[in-house]
Amino acid sequence: MTINPDLQGRSYPAAEVYDVGREKIREFARAVKATHPAHFDVDAAKALGHNDLVAPPTFAIIIAQRADAQLIEDPEAGIDFSRVVHADQRFTHHRPIFAGDRLVAELHVDGVRAMGGGAMITTRSEIFVLGSGDSREPVTTTTSSILVRGEGQ
Amino acid sequence: MSPSIHELSAGQDIGSRTVEVTRTDLVKYAGASGDFNPIHWNEAFATGVELPGVIAHGMFTMGSAVQLVTDWAGDPAAVVDFQTRFTKPVLVTDTTGTDQPGATIEVSGTIGKLDAEAGTARVDLTVVSAGQKVLMKAQAVVKLS
C-alpha cells in the first residue's frame with residue numbers, strides 16, 4: 001500500500017465538539033501516573049488560581065488523535081494503522097485546558113515524505129475552546145509525525 | 001510554589017522519577033486516551049507486524065515523564081510547551097499475575113535554558129528504559145513566577 005502524496009496541504013475542518021469532563025481529566029491523569037492535586041481536586045486547582053481541574057500537559061492528545069483519525073481512516077490516504085509508529089509529538093499551550101472546556105480541532109497535513117517503503121506524515125491540530133456565540137480562542141497547537149512502516153521496516 | 005527564575009541556572013538538576021509499567025497500565029492508557037492500536041496490548045498482533053513484542057504507547061511514556069516537570073513547577077498549567085521524539089520503543093513484558101513491572105522507565109531532568117525575557121525555563125528530560133534512551137529532545141518549557 002502506498003501513501004497518497006497529494007495529502008500534503010490537506011485540511012480537515014473542526015468536526016465534533018469535545019467536552020472536557022472532570023472525570024476524564026482524573027482518568028487520564030491516573031493513566032499517565034500523574035499525581036498533582038490540580039488534576040484531581042477542584043479546591044487544589046482553585047488554590048492555584050484556576051476555575052476548575054487542570055488537564056495534564058499531554059491531555060490534548062485525545063483531541064488531536066481524534067482529528068488525526070479523520071486522516072488515518074480516509075480511504076484516499078492509504079494509511080495502514082497497524083503499521084503506524086509515532087515518531088515525534090509537540091504540544092504548545094496558548095492557555096491550559098480546564099474541565100468544562102468545549103474544544104474543537106482543525107487538522108492540517110503539513111508534510112508527507114517517502115521513507116524507504118513507507119512514509120513520514122506530519123500533522124498539526126489547532127485546538128480551540130468555544131466561547132459564547134460564535135467566538136472561539138486558541139488553546140493548544142499539537143504537531144505530530146507518524147511513520148507508516150513499509151514491509152520489512 | 002513555583003521556582004523563581006533568579007534562583008535557577010542552566011545545567012541544574014530538577015530531580016528524577018521511576019515509572020513502573022505493566023500490561024494493565026497500557027490497557028488503562030488505551031482506554032483513557034482512545035488509542036486502541038493492538039500493538040500496545042496484543043502480543044501476537046505486535047509480533048505479527050514485526051515488532052519485538054507489546055510496546056508502550058509513546059504518549060504513555062511522554063505523558064508519564066512530564067510529571068517530574070509538573071511537580072517541580074508546582075502547577076501543571078505552567079507547562080506551556082512540551083515536545084519529544086520517540087526513538088526506541090519501550091517493550092513491556094507480560095508480568096500479569098505477579099507483582100513485577102513489565103518495564104521500568106527512568107526519568108531525570110535538568111534546566112536546559114533560561115529565558116529571562118519570556119520568564120520561562122526549558123527543562124530537558126532524559127528518559128531511559130532497559131538501558132536505552134527512549135525519548136530524544138524531550139523538552140518542556142515552564143512559565144516561572
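Reply: Gladly. This is a predicted model. Start with the second largest cavity, which holds about 30 Å³ of space.

Me: Which residues line the second largest cavity?
Reply: A cavity is a space that a probe fits but cannot leave. Here, chain A gives Val32(A), Ala34(A), His39(A), Pro56(A) and Pro57(A) to the lining. Chain B gives Gly63(B), Val66(B), Gln67(B) and Thr70(B). By class, five are nonpolar, four are polar and none is charged.

Me: What lines the largest cavity?
Reply: Its lining is Asp68(A), Leu71(A), Ile72(A), Ile121(A), Thr123(A), Ser144(A) and Ile146(A). Four of these residues are nonpolar, two polar and one charged. Now look for the elements behind them. Helix H3 (61-72), strand E5 (118-130) and strand E6 (136-148) of chain A each supply at least two residues. H3(A) gives the most, with three.

Me: How much space lies in the largest pocket?
Reply: A pocket, unlike a cavity, is open. The largest one here holds about 800 Å³. It is lined by 39 residues, and the closest to its centre are Gln65(A), Val84(A), His86(A), Asp35(B) and His40(B).

Me: Which element gives the most to the lining of the largest pocket?
Reply: H3(A), with six residues. Chain B takes part too: its helix H1 (23-33) and helix H3 (58-65) each supply at least two residues. By class, the pocket lining has 20 nonpolar, 12 polar and seven charged residues.

Terms used: Residues are numbered from 1 along each chain as its sequence is written. Chains are lettered from A and ligands numbered from 1 in the order in which they are written. This is a predicted model: local features need pLDDT of at least 70, side-chain atom pairs count only at pLDDT 80 or more; totals for chains, interfaces and linings use all residues. Side-chain values use heavy atoms; hydrogens and water are left out. On a 1 Å grid over the protein atoms alone, a cavity is a set of points where a 1.4 Å probe fits but cannot get out, and a pocket is an open set with protein on both sides within 12 Å along at least five of seven lines; lining residues have an atom within 4 Å of a point. Helices (H or I, at least four residues) and strands (E, at least two) are DSSP runs, numbered from the N terminus. Ala, Val, Leu, Ile, Met, Phe, Trp, Tyr, Cys and Pro count as nonpolar, Asp, Glu, Lys and Arg as charged, and the others, Gly among them, as polar. Grid points are joined across faces, edges and corners, and a volume is the space filled by probe spheres set on the points.
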